[in-house]
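User: I have a structure open and would like to go through it piece by piece. Can we start with the terms?

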Amino acid sequence: DGDGYRLVGMAYQESSGELLWQRGIFDQDAEGSRIHRKNSHASPTPLILDGERVVVHFGHSGTACLSMEDGSILWKTSELSYASVHGNGGSPVYVDGRLIFSCDGAADPFVVALDAETGAVEWKTPRTVTASKTFSFCTGLVTEIGGRRQVVLPGSNMVAGYDPLSGDEIWKVRYDGYSVVPRPIHEGGLIFLSTGYDRPSLLAINPEGTGDLGEGAIVWKSSRSIAKTPSFLVKDGLLYNLSDNGVLSCMEAGNGALIYDERLGGEYSSSPLLVNGRIYCTSEAGVTTVVLPGRVFMKIAENDLAERTLASIAVGNNGRLLYRSEKHLYSLRTE
């Protein structure tokens with residue numbers, strides 16, 4: 001009606017693109033509709049729980065669980081309303097019956113867990129460092145560190161590992177940065193993350209231990225054309241970093257030594273995807289550059305959707321790649 005937005009869940013037949021159902025879930029008023037020009041009102045990724053339920057998350061506007069069959073609402077909650085900055089971004093992760101995500105808004109940032117069966121708040125843990133800008137938009141990583149399952153979730157000026165059952169902060173490392181977007185990676189005993197704005201650094205952190213691990217936990221760092229928005233890739237001991245201004249870097253994951261820097265061209269918000277031995281990098285203009293992983297830069301294809309594309313690629317069935325552009329959903333064959 002011009003005063004806000006209807007936030008909906010939609011299901012499509014993957015093989016044909018047929019709309020199967022559409023369900024209105026929340027109404028977002030004009031005040032809550034303010035977003036960054038590169039954001040949408042539905043940026044988080046839906047999460048399928050058990051083949052029968054799907055969780056749709058709209059950040060400060062609420063979270064809901066829908067039936068996969070017909071989109072009927074099984075539960076929804078908007079009790080975690082908070083003052084977002086630039087709209088919503090991070091997606092929930094599912095672990096031990098809980099949906100865990102950050103609420104890093106304009107003030108009093110925290111990490112929270114919802115009961116996946118009911119949507120009730122299981123625990124709520126404040127961020128334990130101060131920051132002049134507290135907003136960030138990161139998706140957590142479920143991993144095991146020292147034999148203990150954790151959710152690693154960066155935010156402004158800190159990254160921490162959280163116990164998924166209690167919400168206790170197990171460890172943390174401090175840095176300078178805010179508006180953190182890239183999802184962390186855990187590979188080879190190290191956590192890799194971007195510190196976000198204003199000048200991002202790539203940190204390789206040893207997360208073994210408890211409490212404030214201090215600067216000694218940072219094994220190496222790089223500030224050379226580091227991503228503010230796209231997430232990293234690690235494969236066969238090599239780390240791939242795609243900067244927002246289109247520089248693809250390959251580094252030694254163990255020590256950060258640079259192997260190559262290559263400019264792909266364009267601006268990037270979506271994360272690179274490694275699948276079937278190929279790296280797919282999609283620019284904001286909708287151009288996907290396909291690169292082979294390895295120590296030598298080898299570009300093998302370039303394809304243009306000719307449409308603004310900020311969302312990361314998803315992997316579908318039968319070797320298909322699913323793209324969400326500004327105006328369409330695409331299902332593309334890779335061969």
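Analyst: One term first: a residue counts as buried when its relative accessible area is under 20%, and as exposed when that area is over 50%. C281, with a relative accessible area of 0%, is therefore buried. Keep in mind that this is a predicted model.

User: What about C250, buried or exposed?

Analyst: C250 is buried, because its relative accessibility is 0%.

User: How many disulfides are there?

Analyst: The structure has zero disulfides. In general, a disulfide is a covalent bond between the sulfur atoms of two cysteines.

User: Let's step back to the whole chain. How many helices and strands does it hold?

Analyst: The chain has 30 strands and zero helices. Its radius of gyration is 19 Å, close to the 20 Å from the globule rule for 335 residues, so the chain is as compact as a globular protein of that length. The C-alpha trace spans about 50 × 50 × 35 Å along its principal axes.

User: And what share of the residues is buried?

Analyst: Buried residues make up 52% of the 335 in the chain. As for contacts with a separation of 6 or more, 43% of them are between residues 24 or more positions apart.

User: Back to C281. Which residue stands opposite it in strand 26?

Analyst: That is T289. The pairing belongs to strand 25, residues 278-282, which runs antiparallel to strand 26 and is joined to it by four bridges.

User: Which sheet are those strands in, and what is its order?

Analyst: They are in an open sheet of four strands, in the order 24-25-26-27, with antiparallel pairing. At the edges are strand 24 (273-275) and strand 27 (298-304), each of which pairs on one side only. On average, neighbouring strands of this sheet are turned by 25° against each other, direction ignored.

User: What holds strands together in a sheet?

Analyst: Strands of a sheet pair through backbone hydrogen bonds, in a parallel or an antiparallel way.

User: How many bridges are there between strand 26 and strand 27?

Analyst: Six bridges, in the antiparallel sense, with strand 26 covering residues 287-292. Two of the partners can be named: V290 is bridged to A301 in strand 27, and V291 to K299 in strand 27.

User: How many residues of strand 26 are buried?

Analyst: Five of its six residues are buried, so the strand is mostly covered.

User: What do the turns on either side of strand 26 look like?

Analyst: Strand 25 and strand 26 form a hairpin with four residues between the strands, where G286 takes a positive phi near 95°. The hairpin of strand 26 and strand 27 has five residues between them, and G294 in that turn has a positive phi of about 140°.

User: New topic. Where does R6 lie?

Analyst: R6 lies in strand 1. R6 is exposed, with a relative accessible area of 53%.

User: What is R6 in contact with?

Analyst: Leaving aside neighbours within four places in sequence, R6 is in contact with G24, I25, F26 and D27. With D27 there is a side-chain to side-chain polar contact of 2.4 Å. F26 is 20 residues from R6 along the chain, yet their C-alpha atoms are separated by 6.0 Å.

User: And S16, where is that?

Analyst: S16 is in the loop between strand 1 (4-12) and strand 2 (19-29). S16 is exposed, at 51% relative accessible area. Between S16 and N245 there are 35 Å from C-alpha to C-alpha, and the two are 229 residues apart in sequence.

User: One more serine: S222, buried or exposed?

Analyst: S222 is buried, because its relative accessible area is 14%. This serine lies in strand 19, residues 218-222. Apart from neighbours within four places in sequence, S222 is in contact with P200, S201, L202 and M251.

User: Which backbone nitrogen lies 3.4 Å from a polar atom of its side chain?

Analyst: The backbone nitrogen of R224 lies at that distance from the side chain of S222.

Note on methods:
Residues are numbered from 1 along each chain as its sequence is written. This is a predicted model: local features need pLDDT of at least 70, side-chain atom pairs count only at pLDDT 80 or more; totals for chains, interfaces and linings use all residues. Side-chain values use heavy atoms; hydrogens and water are left out. Two strands pair if DSSP finds at least two bridges between them. Axes are lines fitted to C-alpha atoms, for helices over the stretch in contact, and angles run from 0 to 180 degrees between N-to-C directions. Buried means under 20% relative accessible area, exposed over 50%, partly exposed in between (1.4 Å probe, protein chains only). A polar contact is a pair of N or O atoms within 3.5 Å; within protein, one must be able to donate a hydrogen and the other to accept it, and residues adjacent in sequence count only if both atoms are side-chain atoms. Contact means heavy atoms within 4.5 Å. A disulfide is a pair of cysteine sulfur atoms within 2.5 Å. The radius of gyration is taken over C-alpha atoms; the globule rule is 2.2 Å times the number of residues to the power 0.38.
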